Amino acid sequence: MEKFFNFIDRIFSVNVFGNLTLYQLLSTILKYIFVFIVFYFIYSIIKIIYYDVRTTLKKESKSDTFLKLVNLDQGFDFATQEFYYLASDNTIGRDDRNSISIKDKFLSKFHARIVEDEGIYFLEDLKSANGTFLNGEKIADAIELKSEDIIDMGRLKFLFIQGGSND
């Protein structure tokens, strides 16, 4: 065992640059790697906290305008919520990039859009395959929404509620 330690000591005692030994060089490199790992860990924690705070702020700033899923009791084979709160610009469809993403196979990737302009909400079909219906009529252009309008798209039926109206 002593021979092994003498051998290691001879290897690490070799001068690499002037009086700098291999041991000093490796220990300095490992110190910097350790510092980098610590800083990366701190960066990751700050990033997680940032996203958590941002998500919390988004949830707290819910508007009082929302879509209520009327036919929730049909037992869909995809995840749904009872309420979908609306921002000033919302897209609805199967794609995850939509602000309201629902995996109904009868919805287009980007099916419809609900936009708020000066307190008035408008519904627009985004050239979906199965169409978007407002109160039973297929829409072609952007149309103004009124509280308690019924919106049909895919297998879903929504009740539009604006301004804190109770259902």
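Helices (H or I, at least four residues) and strands (E, at least two) are DSSP runs, numbered from the N terminus. The model is predicted, so that local features need pLDDT of at least 70 and side-chain atom pairs count only at pLDDT 80 or more, whereas totals for chains, interfaces and linings use all residues. Residues are numbered from 1 along each chain as its sequence is written, and side-chain values use heavy atoms, with hydrogens and water left out.

**View A. Tyr40 and Tyr43 in helix H2.** Both residues lie in helix H2 (residues 22–60), 3 residues apart, about one turn of the helix. Tyr43 has a relative accessible area of 48% and is therefore partly exposed (buried is under 20%, exposed over 50%, partly exposed in between, with a 1.4 Å probe and protein chains only).

View B. Asn90 belongs to strand E5 (residues 89–93) and counts as buried because its relative accessibility is 2%. A polar atom of the Asn90 side chain lies 2.9 Å from the backbone nitrogen of Ala87. Beyond neighbours within four places in sequence, Asn90 is in contact (heavy atoms within 4.5 Å) with Tyr85, Ser99, Ala112, Arg113 and Ile114.

View C. Antiparallel E12 and E13 (residues 156–161) are joined by 4 bridges, and Ile150 has Leu159 as its bridge partner in E13. The hairpin of E12 and E13 has 2 residues between the strands, and Gly154 in the turn has a positive phi of about 60°.

Terms used:
Pairing = 2+ DSSP bridges. Polar contact = N/O pair within 3.5 Å; in protein donor to acceptor, adjacent residues only side chain to side chain.
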